[in-house]
Amino acid sequence: MPKKTVRCCRECNTPLGEGCKASAVFCGIPCKAKWNNRRKNRGADLYDLWMTMRYDRDEAKRLEVWKEMCRLSEGWRAEDVEQGIKSFERAGVVITRLKDTGRLARARPDRI
Ligand SMILES: [Zn+2]
């Protein structure tokens with residue numbers, strides 16, 4: 001008999017109850033806030049490092065920004081694994097959300 005998959009809260013891994021919406025990913029508002037705040041704080045630093053990489057190459061090379069971004073990511077990943085929480089949203093989900101909300105242009109047919 002196939003094992004039934006139990007959906008769990010993305011932040012604390014508490015199994016989501018039978019009555020939860022199919023789209024629910026958190027057990028409650030505190031977990032959703034914790035997840036979003038962690039990503040917001042991490043993302044703010046990465047944003048500036050990324051923009052330096054993209055638009056100030058000399059500075060990025062001098063400071064080894066890519067290497068520092070990798071070190072940050074490794075530290076965050078280790079923390080998340082230790083706590084047993086998911087580190088990130090799948091890229092496909094993020095790109096779909098960005099396109100659906102108009103924050104990322106859909107590729108023109110000639111560029112697909
Ligand atoms: Zn939770």
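I call a residue buried if 20 or more other C-beta atoms lie within 10 Å of its own, exposed if 12 or fewer, and partly exposed in between, with C-beta atoms placed from the backbone.

This is a predicted model, so I note that local features need pLDDT of at least 70 and side-chain atom pairs count only at pLDDT 80 or more, while totals for chains, interfaces and linings use all residues. Numbering runs from 1 along each chain as its sequence is written.

**Whole chain.** I looked up the secondary structure of the protein chain and got 4 helices and 0 strands (DSSP runs numbered from the N terminus: H or I, at least four residues, for helices; E, at least two, for strands). The radius of gyration is 18 Å, well over the 13 Å the globule rule gives for 112 residues, so the chain is more spread out than a compact globule (taken over C-alpha atoms; the rule is 2.2 Å times the number of residues to the power 0.38). The C-alpha box, along the principal axes, is roughly 55 × 40 × 30 Å. Buried residues come to 3% of the 112.

**Helix α1.** I find α1 hardly covered, with 0 buried residues among its 27. I also see a bend of about 25° at G43 (the angle between axes fitted to the seven residues ending there and the seven starting there).

**R62.** I place R62 in helix α2, residues 57–62. R62 counts as exposed because it has 9 C-beta neighbours inside 10 Å. From R62 to V93 I get 34 Å, C-alpha to C-alpha, at 31 residues apart in sequence.
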